Amino acid sequence: MTQSCRRFSPALAPILLALLLGGPALASEIVGGRAARPHAWPFIASLQRRGGHFCGATLIARNFVLSAAHCLNGLNFRSVRVVLGAHNLRRQERTRQMFRVRRVFENGFDPLSLQNDVVVLQLNRMATLNANVQVARLPAQDQGVGEGVRCVAMGWGRLGTNRPPPQILQQLNVTVVTGLCRPTNVCTLVPRRRAGICFGDSGGPLVCNGLVHGIDSFIRGGCGSGVFPDSFASVAKFANWINSIIRRYSDDDGPSLHPRDPTVKSEALSRKQPARSWGPRPAS
Ligand SMILES: *[C@@H]1O[C@H](CO)[C@@H](O)[C@H](O)[C@H]1NC(C)=O
């Protein structure tokens with residue numbers, strides 16, 4: 001594993017950076033997918049700043065979402081809004097519920113290798129569960145998915161500051177592959193098609209057999225390259241850690257709507273550095 005990581009890592013960051021700096025024309029949303037039925041995936045969340053979507057997330061308890069660590073890296077988490085119950089981001093939808101982030105939990109994220117690209121966000125209050133907002137089911141620790149398993153990737157992802165904002169949630173059938181993939185990632189390809197996740201899909205869920213098995217992490221060679229598989233953080237590798245956070249804080253609703261919570265614990269990701277531009281998020 002050490003060897004494969006050594007082989008794997010050096011090429012990774014440059015490719016992400018090149019893409020963000022505006023390489024070739026890339027698809028504006030998940031590449032090659034189709035519009036989801038409204039609220040077909042009631043656990044997906046949109047992470048937003050100033051009303052703009054920048055990453056996906058998954059509702060994993062009434063007051064927690066799971067996302068990619070690179071989505072929050074270098075950001076002031078107090079500027080982030082978590083939107084549940086959305087479908088068309090251009091519309092004002094009555095189904096939506098909006099939250100602030102109360103605490104941020106990360107687990108050894110390495111921005112260079114993109115290992116441990118997982119973050120748990122505690123919301124400022126409990127979500128109301130209904131037909132449009134549901135808690136996702138996660139795999140048990142180390143019960144990941146193997147080669148050939150069919151999954152669905154979904155998101156409002158896009159690339160390009162000059163493109164119109166993404167609108168309707170897209171979904172895409174994908175297949176798990178193990179080639180060109182680290183053991184700590186789940187990787188997927190779309191057989192015989194150039195399709196896949198793209199910028200802005202980061203942090204969103206990969207659903208396999210009804211469970212959220214992956215968190216959109218990174219791509220290589222462009223969106224829907226048809227060659228390199230898309231890479232997701234493996235939820236099964238973090239299941240015990242995720243569940244321990246939920247157990248510890250699930251009935252800790254706290255003072256809601258408190259903009260500057262002084263009780264933020266040491267696990268919280270503080271703003272240590274200015275926003276960096278290497279991550280798969282809109283360049284705007
Ligand atoms: C996606 O997969 C499902 C279940 O395997 C299948 O029923 C559906 O037709 C597929 N959709 C597309 C667009 O290929």
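Me: What should I know about the model and its numbering?
Reply: This is a predicted model, in which local features need pLDDT of at least 70 and side-chain atom pairs count only at pLDDT 80 or more, while totals for chains, interfaces and linings use all residues. Residues are numbered from 1 along each chain as its sequence is written, and side-chain values use heavy atoms, with hydrogens and water left out.

Me: Are Cys-198 and Cys-223 buried or exposed?
Reply: Cys-198 is buried at a relative accessible area of 4%, and Cys-223 is buried at 9%. Buried means under 20% relative accessible area, exposed means over 50%, and partly exposed lies in between, with a 1.4 Å probe and protein chains only.

Me: How many disulfides are there by this rule?
Reply: The count is four. With the bonded cysteines of the chain numbered in sequence order, the pairing reads 1-2, 3-7, 4-5, 6-8.

Me: What about Cys-55, which partner does it have?
Reply: Cys-55 is joined to Cys-71 by a disulfide, S to S 2.1 Å. That link is left-handed, with -85 degrees about the S-S bond. Helices (H or I, at least four residues) and strands (E, at least two) are DSSP runs, numbered from the N terminus. Cys-55 has 0% relative accessibility and is buried; Cys-71 is also buried, at 0%.

Me: And how is the link of Cys-181 and Cys-187 turned?
Reply: This one is right-handed, with 85 degrees about the S-S bond. The sulfur atoms of Cys-181 and Cys-187 are 2.1 Å apart, and Cys-187 is buried at 1%.

Me: Changing topic: which strands close into a barrel?
Reply: Six strands do, in the order β2-β3-β4-β7-β6-β5, with antiparallel pairing. Neighbouring strands of this sheet are turned by 45 degrees against each other on average, direction ignored; the axes are lines fitted to C-alpha atoms (for helices over the stretch in contact), and angles run from 0 to 180 degrees between N-to-C directions. Two strands pair if DSSP finds at least two bridges between them.

Me: How many bridges join β6 to β7?
Reply: Five bridges join β6 (residues 97-106) to β7 (residues 119-123), and Glu-106 stands opposite Val-119 in β7.

Me: Which strands are joined to β13?
Reply: Among them are β10 and β12, each running antiparallel to β13 and joined to it by four bridges. Asn-185 has Ala-233 in β13 as its bridge partner, and Phe-218 has Ser-231. β13 is mostly covered, as five of its five residues are buried.

Me: Last topic: which residues surround the ligand?
Reply: Arg-34, Arg-150 and Asn-173 surround the ligand, where a residue is near a molecule or strand if one of its heavy atoms lies within 4 Å of it. The protein covers 32% of the 360 Å² of accessible area that the ligand has on its own. Accessible areas come from the Shrake-Rupley method with a 1.4 Å probe; for residues, only the protein chains shown count as cover.

Notes:
A disulfide is a pair of cysteine sulfur atoms within 2.5 Å.
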